[in-house]
Amino acid sequence: MSPGSGSGGGAASPAGPGSSAPAVRPSLMTGLQAGPRLAYSSAHPAAHFHRTQAQVAPAAQPKMQLNQADARFVTVAMSRGLGEMEAGRIIAAGSTDARLKRFGERMVVDHQQANVHLAKLASARGVTVQEEIQDRERAQLDEMRQLSGPRLDAAFMRHFGVAAHQESIALFEQQVREGKDQELRAYADQRVKVLHGQLEELRKIQPLIADDGKGGR
């Protein structure tokens, strides 16, 4: 899931007369009292969501300001974490493979905890965290929601499996090497270890999952 520019965000407009407002589900950032929320579309009640610009309330006196590269890391890492957490929810609910279901459940817990930690680090530096998933990952998640059984398993492995975790590891390793903020570097270093563990598990699972014939991510 490479960083890429997404389409415009913004808060959802109020529902007009006679229409029902989109359902709003609890924030993916459970644990942050002032955490951001996702507005879920009524057209996809299972989990489809639109971007909203949601804020983590900044500290009254931020310890320091992040430079542009560190702030970009926060944005991309948050987007990846949210996408992988939602992918974990989908595969845990819809897979018929016991190992993938367990892996998805662990992804949800792990990435939620990581996102909360990252958002708190950003908040302490006066940074607004946008809870959004980039266009490519949103399309991949939409695809997965239409599938079940072996086809869902194959789509998960194609979009959020080995290759995706290798890309995430590269992102976090770059932050460890080049990041200027000490706490963000420590956060990235801890995440590299966790992601390597997930990668090794996915490598063991991958040969057991039949591809559905669609190549690429």
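Is the crossing of α1 and α2 left-handed or right-handed? In this predicted model, the crossing of α1 and α2 is left-handed.

Helix α2 spans residues 98-124 and packs against α1 at an angle of about 155 degrees, the two axes lying 7 Å apart. Angles over 145 degrees count as roughly antiparallel, and α1 and α2 are therefore roughly antiparallel to each other. On the α1 side the contact includes Val74, Ala77, Met78, Gly81, Leu82 and Glu84. Among the residues they meet in α2 are Leu100, Lys101, Gly104, His111 and Asn115. By class, the contact of α1 with α2 has 14 nonpolar, six polar and four charged residues.

The structure holds one cavity of 30 Å³ or more. Its lining includes Ala77, Gly81 and Glu84, along with His111 and Asn115; these residues also belong to the contact of α1 with α2. Other lining residues include Ser168, Phe172, Tyr187 and Arg191. The elements that give two or more residues to this lining are α1, α2, α5 and α6 (182-205). The largest share, four residues, comes from α1.

The largest pocket is lined by 14 residues, and Ala69, Phe73, Leu171, Gln174 and Gln175 lie nearest its centre. Two or more residues of the pocket lining come from each of α1 (68-94) and α5 (162-178).

Volumes and lining classes are set out below.

| Space | Volume | Lining residues by class |
|---|---|---|
| Largest pocket | about 250 Å³ | six nonpolar, four polar, four charged |
| Largest cavity | about 60 Å³ | five nonpolar, four polar, three charged |

Technical notes: Residues are numbered from 1 along each chain as its sequence is written. This is a predicted model: local features need pLDDT of at least 70, side-chain atom pairs count only at pLDDT 80 or more; totals for chains, interfaces and linings use all residues. Side-chain values use heavy atoms; hydrogens and water are left out. On a 1 Å grid over the protein atoms alone, a cavity is a set of points where a 1.4 Å probe fits but cannot get out, and a pocket is an open set with protein on both sides within 12 Å along at least five of seven lines; lining residues have an atom within 4 Å of a point. Grid points are joined across faces, edges and corners, and a volume is the space filled by probe spheres set on the points. Ala, Val, Leu, Ile, Met, Phe, Trp, Tyr, Cys and Pro count as nonpolar, Asp, Glu, Lys and Arg as charged, and the others, Gly among them, as polar. Axes are lines fitted to C-alpha atoms, for helices over the stretch in contact, and angles run from 0 to 180 degrees between N-to-C directions. Angles under 35 degrees count as roughly parallel, over 145 as roughly antiparallel, 65 to 115 as roughly perpendicular and the rest as oblique. A crossing is left-handed if the near helix is turned anticlockwise from the far one by less than a right angle, and right-handed if clockwise. Contact means heavy atoms within 4.5 Å.
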